[in-house]
Protein chains: 2
Amino acid sequence: MRRAYAHLARRFAKLAAIEDSLAVLGWDTAAMMPEGGAPARAHQVAVLKGIAHATLTARGTEALLDKAASEALGPWEKANLALMRRRWAHAAAVPARLVEAFSKACSESEIVWRRARAKDDFAMARPHLERVLDLTHRIADAKAKGLGLSPYEALMDSFEPGLTQATLDRLFGQLEPALKALLPRVLEAQGPEPLPLPGPFPIAGQAALGLRAMRLLGFDFEHGRLDVSAHPFCGGVPEDVRITTRYDEADFFRSLLSVLHETGHALYEQGLPKEWRDQPVGQALGMALHESQSLIVEMQAGRSPAFLAFLAPLVAEELGVSGPAFGGANLVRLATRVRRSLIRVDADEVTYPLHVILRYRLETALIAGALAVKDLPQAWNDGMRELVGVVPANDREGCLQDIHWYDGAFGYFPSYTLGAILAAQFFQAAVAAVPVIPTALGQGEFAPLLAWLRANVHRRGAQVSAEALVAQATGRALSPEPFLAHLERRYLGSATL
Amino acid sequence: MRRAYAHLARRFAKLAAIEDSLAVLGWDTAAMMPEGGAPARAHQVAVLKGIAHATLTARGTEALLDKAASEALGPWEKANLALMRRRWAHAAAVPARLVEAFSKACSESEIVWRRARAKDDFAMARPHLERVLDLTHRIADAKAKGLGLSPYEALMDSFEPGLTQATLDRLFGQLEPALKALLPRVLEAQGPEPLPLPGPFPIAGQAALGLRAMRLLGFDFEHGRLDVSAHPFCGGVPEDVRITTRYDEADFFRSLLSVLHETGHALYEQGLPKEWRDQPVGQALGMALHESQSLIVEMQAGRSPAFLAFLAPLVAEELGVSGPAFGGANLVRLATRVRRSLIRVDADEVTYPLHVILRYRLETALIAGALAVKDLPQAWNDGMRELVGVVPANDREGCLQDIHWYDGAFGYFPSYTLGAILAAQFFQAAVAAVPVIPTALGQGEFAPLLAWLRANVHRRGAQVSAEALVAQATGRALSPEPFLAHLERRYLGSATL
């Protein structure tokens, strides 16, 4: 008899259905909804979120969690119970009034930030960011107490369960000097500018190319779709994964790379363990793990010379183009061009982590109270000079560029670079275990790589932490070394992958 | 102080948000979802429906309804309170176990019906229909007691609040002999067969034509969209109305007429009173009223000679076609061809009500216990012979053709013909009040008609019953006479409308 656990499992299955509904509504908002539908949609989302919160924090939950802990549970169920407790602790730690005030402040701040960014006016956004930061402090303190973590860790914990600042400091501490040393060598070593891709490329052809790439990668169209939104993302639910891209008639390559990226996310969702589908343990492990799956597909496999050589004739066929600009060698040059640049989302694989390390430094200082919002623009520019070697001419290209802080998402940035580190470590282990993978990728065959990911990553769900998972899957502790080795090989060696 | 009412209003606003979410999910299921998403979607819908039911029947609701009745309320609030009580009474009358058994029986029956219809095998569907009917009896009895209505009225009441069998018997009693007398005269009087429309018609052109027609009609694209589904419908929410159509490359006209029809539904939704948006009184009045708004646009205005003459050059332009088959006169012949036929959904304006009267006869007999399911095929065929003058050669074209009963929707069929009656009565009154309407329609101008409908129908929401609304808007009691006069004029006279 495991009555307390069974009771909780039913409750979390209900919660999963509500959150799945929210996921579909979220996709619809970005991909389908006409503008005039926004206020009604906001009301729907607020009501469903309220119901989800009430379901999670219903009276007696803590007692049930305690009771279930003494019931006879298998390893998946034990892991599931721990995740239930974590979810409950996050939700129960913060008073409803504070949640509401934070949600309202973030909405207002985001709206002002859009205008402030367009006008390059940090002063306009500043009071809103101060308000969001103030409420974030209060939430972080409340959660830190409930979860037994530092305030910054308590914020990260929503995105990256179990990740400590000590781990991050270790990883980033290794990465920063290595990348700073690597960057000038890469810039020195890289060949001539790639040829530009002469367009226009009609959208129908781009869409056909994207769908063809998704089929190559193993995306299951019985359980998902490709649509269009302003910012590409992966949404929906595991049985019905909705990825999006955006098309620019002048540039097909950007859309194609974003399809590879989002398909990586989608393959993870489609591969999660079905038997735990409606429980926390059957859901994605965290944002870094998720990002690692998109980066394996986009960066490790998708931008490799072998795969791009395979892809070039398909591009020519679907878009009706020809010439050296569309050859594999030029696509590789385009896909691996390194620059000291200002905008994170446009940054290359080598400099991207430096952009993230800057944000990690600044947001830990903001949360610790060591940096005031008013000093953010200067600190940003100083950090960019030191880390990337360029300085923004304005705040639009500086501390106003990312939505995250203005929307209350402190503690999220590290996931991007953790994802890159995990991707490299997984990929290295996959190739070691299944040596045919590189040859297969050169033939457009993703099945051997996908099979390894399914068995070693996707089907594990959230049974263990990302750190434990990577150790079990690769036989060594989480380390930036495979990522650095990958960069050396691709940008300084004569890599075919 | 109206504390009980205010409490209820907050509860019903929450309910509206849950039902709106369900409406968006329903649209997505039909228009977007890949097949593999179905089981997860079914779980989402079941959970949200359960939450909606619990919200509606929460403990203490009856006491709040009683208390609010003694508070000082305005006319809209009084009407709203009455609708709250009706919704609560429907939900509270039926025990949860019976609701679940019915829902399960309907799902199973629908699946078997699809196969039985394909195989023309009534015996296969029969036990499932018997089970659904048995549970329908129990639900009807429970609701009849709670609502003080006859069992059949209690079933109709979900679709057509307040409609009595006495009213239906009166209307259908007038309509039946009049249509039986009219039909041979119409068949005798109608001209030669229309010219067939030689295709194919590429879907892109058909979509452009449909969107152009929607703009003409006044559809607000800031608050809605057009998509594709297997069966055209109007879904979504008033701020974001989602209509669908389906395209057949061999036949653009069917899709175009369905777009007119669904746009009529959409204009009603877009015109509901915004200030009562999240309360029952601000929602659509009933299925017949809804259908009247689609039929005014499709039948009264859309299939009129004046509008089709205006439309013909637009068809030629958007589809790149020419010749007499695409002229206004031939489109009129196509849009108004009358036949004694077997399938309701394909029936013309003149014979359609006879199909509905047959179903009304049979379903009242089934609910009254005067007709057994095993005798349904014979009763159907006898009724078709008597009412329409043709007899199905098999049950697929007979009592297996419609999903309604097999899916548990008893009491719905009358709404179709009530809608046609209401449409004619509204349209007659609109033209009398705003004489420019016919001329305007001939110029593709829907604004004068839409303005009358907005003021006299849409903005009234559900403040009064359909019978009261039609009396107030047209100055006379609900009557089939305007509908019969419309048929005489269009099919026997020299109508331009």
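These are my notebook entries on one sheet in chain B and on how chains A and B are related.

**Ground rules.** I am working with a predicted model, in which local features need pLDDT of at least 70 and side-chain atom pairs count only at pLDDT 80 or more, while totals for chains, interfaces and linings use all residues. Residues are numbered from 1 along each chain as its sequence is written, and chains are lettered from A and ligands numbered from 1 in the order in which they are written.

**The sheet.** I looked up the strands (DSSP runs of E, at least two residues, numbered from the N terminus, as are helices, which are runs of H or I of at least four) and their pairing (at least two DSSP bridges between two strands). In chain B I found an open sheet of three strands in the order 1-3-2, with mixed pairing. Strand 1 (224–228) and strand 2 (234–237) of chain B each have a single partner strand, so one side of each is left without a neighbour in the sheet.

I then followed strand 2 of chain B to strand 3 (residues 240–245), and noted that four bridges join them and that they run antiparallel. Here V237(B) stands opposite D240(B).

**The helix on the sheet.** Helix 1 (residues 3–31) of chain B packs on the sheet and touches strand 1, strand 2 and strand 3; contact requires C-beta atoms, placed from the backbone, within 7 Å.

Definitions and conventions:
Two residues are in contact if their C-beta atoms, placed from the backbone, lie within 7 Å. Axes are lines fitted to C-alpha atoms, for helices over the stretch in contact, and angles run from 0 to 180 degrees between N-to-C directions. Copies are superposed by least squares on the C-alpha atoms of residues with pLDDT of at least 70 in both.
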